Amino acid sequence: MAPRPTWKGYLKVSLVTIPVKVFPATESAATISFNQLHEPCKTRIQQKKWCPSCEREVTISEIVKGYEHEKGRYVVVEEEDLQKVRVESTRVIDLAQFTDDTEIDPIYVDRAYYLAPEGPMAAEAFAVMRDGMAGKAGIGKVALYGREYLVAIRPKKKGLVMYTLHHDAEIRSIDTIEELNSVPSKVKPEEMKLAKQVIATFDGELNLKDYKDEYREGLRKIIDAKIAGEEVIAPDVREPEKVVDLMEALRRSLNTVSAEKKKPAKVVAAKTKVKAVANGAKKRKAG
């Protein structure tokens, strides 16, 4: 099923305004969700809305939004009050700045969305701006789901990707992690040399399609087994060994990886030798 747009408006760069649609880039349906049940009868629990003052259950039509401005005192905010908030970002993504796309620290990234032109008339201008943004990211704002987000937009294939960003005030400083105070600022050269060698053995071209959600797959198997009335046996999981001697652990890591990488070559060599012996036997028999 094709995704539906969650926002429609305009992408603005200086005096260039392009009608666009925003689509979610991630799929939350991949997550296995659970319902709360009453254990004795396996009935799904209902979440009821209860007013402790009136001592009764209330309906959705009786519920309004309230902001607590003092302890126990609220001001009611109606839907028409929300409509009066008319900042430009409710309809326009105005890119106020461009920067190299490598300048954005991933820690600021929240969610990803795809941008597409709305209508054939907007497609040409959209393509021109997309190609013009190669290697760059545009920074702007957009109002989504009742709040204004800082966003970064960069080109991807035929379209644009918009990332909602955390504001700087939302990012906790790494200096607040007290456990890092005991981490040494300098390391031994011989340990660092071995560590780099170990890391280099795992170096390769990244393809995230190679990585699967093994936890979800395992959970799906358990659910299917329980539906079928089959017994579920948990596999043994070995606890990682505690590192007592770092140099020894690095050497063993390097030797293990090197040995694993050599195995396929030995197997191929062995197969080639067997094949050569077999071919020789055939020739002798034919002769």
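This is a guided tour of the structure above, moving from one selection to the next.

The model is a predicted one, in which local features need pLDDT of at least 70 and side-chain atom pairs count only at pLDDT 80 or more, whereas totals for chains, interfaces and linings use all residues. Residues are numbered from 1 along each chain as its sequence is written, and side-chain values use heavy atoms, with hydrogens and water left out.

**The cysteines**

Select cysteine 51 and cysteine 54 to begin. A disulfide is counted when a pair of cysteine sulfur atoms lies within 2.5 Å, and by this rule the count is 0. Cysteine 51 is in no disulfide, the nearest cysteine sulfur being that of cysteine 54, at 3.8 Å. Cysteine 51 is partly exposed because its relative accessibility is 22%, where buried means under 20% relative accessible area, exposed over 50%, and partly exposed in between (1.4 Å probe, protein chains only).

**Salt bridges**

Next, display the charged side chains; a salt bridge here is a side-chain nitrogen of Lys or Arg within 4 Å of a carboxyl oxygen of Asp or Glu, and the whole structure holds 9 of them. Select glutamate 62 with arginine 56, whose closest N and O atoms are 2.6 Å apart in a salt bridge; glutamate 62 is partly exposed at 39% relative accessible area, and arginine 56 is partly exposed at 37%. Then move to arginine 73 and glutamate 70, which meet in a salt bridge at 3.6 Å, N to O.

Which parts of the chain does the pair of aspartate 101 and arginine 154 link? These two form a salt bridge with their closest N and O atoms 3.3 Å apart, and the pair links distant parts of the chain, 53 residues apart, with aspartate 101 in the loop between strand 10 (97–100) and strand 11 (109–117) and arginine 154 in strand 13. Helices (H or I, at least four residues) and strands (E, at least two) are DSSP runs, numbered from the N terminus.

**Two lysines with positive phi**

Select lysine 42, in the loop between strand 3 (37–38) and strand 4 (43–44), where phi is near 60 degrees, a positive value in a residue other than glycine. Lysine 42 is exposed, with a relative accessible area of 52%. Lysine 157, in the loop between strand 13 (147–156) and strand 14, also has a positive phi, of about 50 degrees, although it is not a glycine; lysine 157 is exposed at 78% relative accessible area.

In the loop between strand 14 (159–165) and helix 3, select isoleucine 177, which is partly exposed at 39% relative accessible area.

Helix 3 (residues 189–201) has 13 residues that should span 18 Å at 1.5 Å a residue, and its end C-alpha atoms are 19 Å apart, which agrees; the expected span is 1.5 Å times one less than the number of residues. Colour Glu191, Leu194, Val198 and Thr201, which are buried in helix 3. Seen down the axis, the buried residues fall within an arc of 85 degrees, so they line one face of the helix, the arc being that of the directions from the helix axis to the C-beta atoms. The face turned away from that buried side carries the exposed residues Pro189, Lys193, Lys196 and Ile199.

**Helix 4**

Finish at helix 4 (residues 214–227), whose 14 residues reach 20 Å from first C-alpha to last, close to the 20 Å expected. Glycine 229 follows helix 4 and has a positive phi, near 75 degrees.
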